[in-house]
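Good morning, and thank you for coming.

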Amino acid sequence: MAGEWGEHVSLSVYVKTAGLGPDEERVLESRGRFEMIAIPKFGRSEHAYVWHIARKAPSFASVEIFTKTNDMDSKEHPIDERQVRYMVDVALDGTPYEMVSYPWGLDRRYLQVRCDKAWSNHSLYHEFCEGGRDCVKRKGISCQGSIFTQRYKNGSVGLSMVRNAVTAEKGPADLAWALRQLPQPLPLIHETYGEGMFSVRRNVLGQFSASWYREWKNIMYGDTAPWGYHHDSAMLVLPLLFGRASTTSKQFPAWFVSPSTMDLFDTVDGMRKANPRYTIRRDR
């Protein structure tokens, strides 16, 4: 807020406020490179993110960074100012990552598995979609399990597998609608961090029109489905939606992972740069 991070860094804060209609916002404060906006008290962080995108389009910053503020004081897996500063530094140093999905307090990487019959001839389809991997139902909505390997982060961190969460045909209306804009079929496996902290470049956000973002926001705020399922799913849909610069590029591979995920977070040193409080868990 004080501008100490540089003249190229601006800050927008969205405050969920009771009493506002689905299309209503109020400017609470605006000065220099800082603004505070009251928006409807509805949904969770993904709702604020999409509100911001629809509000700013098409005049995006060169890089838009989306962060949340809950668990700032958590002793188990806190997020602090240094993590956000790292996101800003990565954006400012000119690295070519079109989209970065950041880990939160925990180094928990997700494998989202979409069992589309289009991938039925792929060996991994039989492994993940036909009972080969242990899977436990959760709330009757998704099927997920934990995958551990001695070769991933020294065996100290598990991979979270989520099966059949949201597709272009089913799931929350706004998320399924957004996924229909992407080349089909969607990846059999999408590897990402789904913790809700993202960095997206202007050229990626610009692949959709301002009217498209407004329609997406209207669908999102018009859906009264339970927000818990929506939130978890949105945190995995957003990295896929913005994972590539163009929706007209070639089809997705069976296993899709952004270069930034591997370059920035595949080593312990990389994780410590992203989260200064990161520690290797040895209790597994």
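This is a predicted model: local features need pLDDT of at least 70, side-chain atom pairs count only at pLDDT 80 or more; totals for chains, interfaces and linings use all residues.

Let me begin with a convention: helices (H or I, at least four residues) and strands (E, at least two) are DSSP runs, numbered from the N terminus.

Residues are numbered from 1 along each chain as its sequence is written, and side-chain values use heavy atoms, with hydrogens and water left out.

First, the overall picture. The protein has 9 helices and 12 strands. Of its 284 residues, 49% are buried, where buried means under 20% relative accessible area, exposed over 50%, and partly exposed in between (1.4 Å probe, protein chains only). Contact here means heavy atoms within 4.5 Å. Among contacts between residues at least 6 apart in sequence, 72% join residues at least 24 apart.

I turn to the interior. A nonpolar core is a set of buried Ala, Val, Leu, Ile, Met, Phe, Trp, Tyr and Cys residues joined through side-chain atoms within 4.5 Å. The largest such core has 41 residues, and those with the most contacts inside it include Leu-179, Trp-212 and Phe-242. Elements giving two or more residues to this core include β3 (34-40), α1 (45-56), α6 (210-222) and α7 (227-241). Another core, of 16 residues, lies apart from it, with Tyr-86, Val-157, Tyr-193 and Ala-274 among its members. As for Phe-242, its contacts beyond four places in sequence include Ile-53, Met-99, Tyr-213 and Trp-216.

How do α1 and α6 pack? Their angle is about 150 degrees and their axes are 8 Å apart; axes are lines fitted to C-alpha atoms, for helices over the stretch in contact, and angles run from 0 to 180 degrees between N-to-C directions. The two helices are therefore roughly antiparallel, given that angles under 35 degrees count as roughly parallel, over 145 as roughly antiparallel, 65 to 115 as roughly perpendicular and the rest as oblique. Residues of α1 at this contact include Trp-51 and Ile-53, which along with others meet α6 residues such as Tyr-213 and Trp-216.

Next, Ala-210, which is placed in helix α6. With a relative accessible area of 17%, Ala-210 is buried. Leaving aside neighbours within four places in sequence, Ala-210 is in contact with Ala-57 and Pro-58. Ala-210 and Ala-57 are 153 residues apart in sequence, yet 5.0 Å apart in space, C-alpha to C-alpha.

Most peptide bonds are trans. The bond from Ala-57 to Pro-58, however, is cis, with omega near 0 degrees. The bond from Gln-184 to Pro-185 is also cis, with omega near 0 degrees, and Pro-185 is placed in the loop between α4 and β10 (189-193).

Finally, is Tyr-125 buried or exposed? Tyr-125, in helix α3 (residues 123-129), counts as buried at 4% relative accessibility. Its contacts beyond four places in sequence include Cys-115, Trp-119 and Leu-188. By contrast, Asp-89, found in helix α2 (residues 81-92), counts as partly exposed at 34%.
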